[in-house]
Every structure is written in C-alpha cells, then in structure tokens.
Amino acid sequence: MHPLTVDGNPRLSLWRQVREFAVPPSMISSATARRTVGDWAGACAAARVDVDLDLRVVARTHGRELAARIRDDLRHLAPDLLRWHMPRIAPDGLLRPGLTIPLARYHPPGQADGNPVHLVVRTPPAWADAGQRISLALWDGSRSGPGSRSGPGSHPHPRPHRRFRLDLHRHLWDARRTDELRVRSGADRPSPGADPAPSAGEQAAPLADGHPAADVLRGRGCAVDRWAAEAGILLEVEGRTGGAVAVRLGARYQLVLDLSVDGNTGGIPGLRITSMSTGSRTSALPVLPDAATWVPPDLALLSAGLIDVDGLHPLVASALVPGHPPADAPRMPDGTANQRLVECRGARHRIGPVNGVLVALDHDPAEIRREELLAALTGTPLPCLKAIDDAHRHPERLADVRARLDHGDTAGALAAVEDLLGPDALLRSGALRDELETAALRRIAHGLFRAGLTGHGPVPHRSRTGRPRDHRTRPRHATFR
C-alpha cells in the first residue's frame with residue numbers, strides 16, 4: 001500500500017510535482033487551441049502524442065462505420081488531459097513505462113461476438129522513454145493492430161492492461177464527458193471522516209476476519225466509498241450481474257471484494273471483503289481499474305490544500321469546482337515566477353533577473369560591491385551572491401529545471417534558465433549540457449524503438465553480479481500507481 005510518513009502521504013508530494021511540471025500550461029493551451037478547431041492530430045502533436053494508426057486502413061479492414069466512430073472519438077480526444085491522468089511511478093512521477101492502456105472498445109458492425117477493436121495509448125519501455133512521449137494505436141488481438149504504423153512487435157506488452165484501463169473512465173480523456181469527473185471522483189458529496197492510517201507498531205482496526213477497516217483504507221488514499229458503484233460498472237461491462245472483484249493496492253497487496261446488495265462489511269457500502277492476499281493470483285476475477293481504486297490525486301491535493309484551482313487542468317478544474325472560469329481562460333502570471341528565495345544571514349531574500357542580469361534584489365549596490373570585494377579576498381561570500389554564482393555554474397541543480405528535464409520539457413527547462421539568468425547568458429559546459437546531449441541520444445533510441453529496429457530492447461549492460469540492469473520495461477522499485 002502507499003506508505004505514510006510523519007509529514008503526510010508522499011503520494012501527494014509526488015503528484016504535486018507532477019501537476020506542476022508534467023503537463024505545462026503551454027502544452028495545454030496549444031493542444032486545446034488545435035482540438036477546438038477540429039485538428040485532433042495537431043492537438044496530439046502539441047501534447048507529445050504520436051499517432052500510430054491509419055483510419056483509411058481501418059475503413060478497408062472493418063468498414064467505414066467503425067472508422068467513423070473512431071474518428072469521432074479522436075476529434076473529442078483531449079490528449080493533454082489524457083497525459084494529465086496517465087498512471088505514473090515514484091520517485092519522479094514519470095509515466096509508468098511499458099503499458100498499453102485501452103481508451104475505447106469497438107465492435108465491428110455485425111460482429112458483436114468477434115474480437116473488438118481497441119483504441120489504446122501506449123507508453124514505451126523505460127530504456128526508450130525519451131521525452132516522455134506516448135502513442136495512440138489500435139489493437140484487435142493481433143501483434144500490431146489494424147492500421148498500425150509502428151514496427152511489428154515493437155512494444156513489449158501490446159495487449160491492453162486489465163488494471164490500467166481508461167475505457168471505463170472516458171471522462172479522463174474525452175472532452176465531451178469531463179463533467180462526469182465530479183461524480184465519479186466522489187467530489188459531489190462530503191468526504192467521510194477518516195482516521196489516519198496506523199503508524200508502525202499500531203494495530204489497525206480489524207474486520208470480522210481480521211482485515212483492515214474501511215477508515216484505514218480511506219487514510220491510505222483508497223476511494224472505498226466509490227468501490228461499489230465502480231465494481232458494478234466493471235461487472236456490467238464484463239457481462240456479469242454480480243460476483244467478486246479483485247482490487248490491487250500495490251505491487252503485492254490486493255483485496256477480493258464480493259458485490260452484495262445488502263453487504264456493508266467494514267463500512268464499505270455494498271461490498272464484502274472475502275480475503276486479503278499478498279502476491280496471490282486471482283487472474284480469473286475482473287480487476288477494478290486503478291483509476292477507480294484510489295481517490296483522484298487532484299481531489300486529494302485540493303482537500304489537503306497543496307494546490308489551488310488555478311493549478312489544475314482547466315477541464316479538471318471546471319468539473320471539480322463548478323463555476324471556475326472556462327478552459328480557455330488565460331492564466332494570469334503572478335510577476336514573481338522568475339524570482340528565487342535564498343536564506344541569507346537569518347532572513348529570506350530574493351534573487352531575480354533585472355535587465356537580463358541575475359541580481360540580489362534585497363541588497364543595495366554598495367553592499368554588493370563590498371561583499372564582492374570580500375569574496376575576492378577569500379572571504380565568505382554573501383549567501384545571495386553564492387546562490388547567483390551557483391545558478392550560473394550549475395543551473396541543472398535548480399529543482400524546476402531538473403523536473404522539466406525529467407518530464408521531457410526541454411524547451412521549458414531552457415526557458416526557465418533563460419528567464420533566471422537572462423537571454424544573453426551562455427550555457428557553460430557541465431551537467432546541464434551533458435543532460436541535453438544525453439536527451440538527444442535517448443531520442444535516437446526512442447526513434448529506433450518506434451521503428452521496430454531494436455527488438456525488445458538495447459543490449460543490456462551487466463553489473464558486477466552479472467544481472468542486466470537496463471533491460472527492464474519498468475523500474476524495479478516502482479510502487480506508486
């Protein structure tokens with residue numbers, strides 16, 4: 001399960017950073033402008049989404065009617081909103097690699113019993129995740145899918161994932177249905193009082209058969225009050241009227257829930273916990289989608305006061321907070337985005353650009369000249385001056401620059417450096433230039449992966465133990481989402 005620390009749930013800290021850097025406002029505005037004029041391919045390009053499908057091939061293979069349905073969904077796809085809701089992993093909040101996530105399922109006309117065609121979004125394996133790009137494709141049970149433009153068999157997991165699926169949560173990517181987020185997230189009713197999760201050494205309040213109580217699950221971020229309704233949606237899609245549903249709570253933990261009309265075990269309405277397992281297999285049971293298992297991070301961040309409404313995606317903000325300005329409302333700058341705070345001799349001072357030069361804003365010029373002379377004579381430099389020197393020598397150490405690079409926003413990282421150091425600042429040799437060169441090389445690896453020229457991965461580098469280190473499709477310690 002998601003661990004809790006003394007300061008709170010690290011899941012919220014991670015999602016706060018994701019919301020700040022993973023989907024920048026410039027991407028949202030560009031993708032929205034293209035989507036609203038009907039240019040869905042341009043919107044995908046603005047959101048760094050590669051389109052690996054050809055609707056003309058689909059029309060020839062499955063008929064024009066099915067191709068028209070897919071085209072209609074693509075015209076209402078908000079790729080920036082899709083990226084906003086994609087599953088991510090700790091510690092940096094990067095996209096969970098190596099996934100094929102179904103967005104919609106279509107049955108060809110007259111073939112209700114045949115293999116459906118899935119509209120899917122795919123994330124590359126970890127070794128080819130340069131730029132954090134994702135791709136759209138179609139899958140009909142074959143390795144590549146109808147109308148696929150990617151190399152045959154290039155993705156390590158082409159089959160749609162049972163747990164990470166968005167075909168039952170179209171409000172997370174379809175601009176026509178974003179208003180459903182308020183109900184599906186549980187934001188339309190007051191949140192129940194939940195006790196915090198037990199710390200180490202404390203005993204969780206047990207159910208009749210020793211399982212953790214619902215308030216403990218709530219404290220760990222589980223959307224237990226929505227499980228009954230979401231399990232009903234899942235079972236209906238699976239063609240069942242009732243039965244058990246598996247709920248994955250992490251890499252090793254899962255619950256088996258039995259949907260019952262009168263059930264109310266442990267305070268979870270309409271559900272009865274039949275077992276709690278560690279690492280056991282329940283492959284025969286439908287799996288509750290991950291998007292329905294946890295409280296949406298945006299709602300949790302709002303409730304914890306870690307983000308304001310203006311920090312959300314406009315479509316998410318208008319759904320969770322009715323009356324919020326519409327999606328195309330511009331975000332007003334606060335005028336201090338380029339300023340940094342420095343602890344300087346017991347006070348908090350600001351550094352920021354003035355006429356294209358980074359200066360200490362809370363020190364007068366005479367004091368600055370004295371301190372510079374003292375530093376030249378091997379004295380201890382003023383903390384503000386030291387921060388300015390570090391920013392010039394090691395801009396990669398700036399937290400926002402590093403986060404933007406991690407999430408593939410190279411242009412945003414360079415813009416942040418330029419805004420702080422000035423437009424005439426030179427990028428010195430060092431870690432930042434090395435990181436940019438590495439990013440260029442990783443983009444080559446990503447292109448080879450998409451072209452299907454690398455098989456299932458690069459030649460692995462072996463560690464001292466002889467085990468491959470970079471041949472994985474996902475990180476070893478990925479425990480978040």
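Predicted model: local features only at pLDDT ≥ 70, side-chain atom pairs only at ≥ 80, totals over all residues.
I started with strands β5 (residues 117-122) and β6 (residues 134-139), which run antiparallel and are joined by 5 bridges. Strands here are DSSP runs of E with at least two residues, helices are runs of H or I with at least four, and both are numbered from the N terminus. Residues are numbered from 1 along each chain as its sequence is written, and side-chain values use heavy atoms, with hydrogens and water left out.

Back to the strands: I found R122 opposite S135 in β6.

Next I looked up the sheet. It is open, has 4 strands in the order β1-β6-β5-β4, and its pairing is mixed. Two strands pair if DSSP finds at least two bridges between them. β1 (49-51) and β4 (100-106) each have a single partner strand, so one side of each has no neighbour in the sheet.

Then I turned to helices. The axes of α4 (residues 55-62) and α5 (residues 64-75) come within 7 Å and cross at roughly 145°; axes are lines fitted to C-alpha atoms, for helices over the stretch in contact, and angles run from 0 to 180 degrees between N-to-C directions. Contact means heavy atoms within 4.5 Å. Among the residues making this contact are L55 and V58 of α4 and I70 and L74 of α5.

Last, I checked the whole protein chain. I noted 17 helices and 12 strands. Of its 481 residues, 46% count as buried, meaning under 20% relative accessible area with a 1.4 Å probe, protein chains only.

Conventions. Buried < 20%, exposed > 50% of the residue type's maximum accessible area, 1.4 Å probe, protein only.
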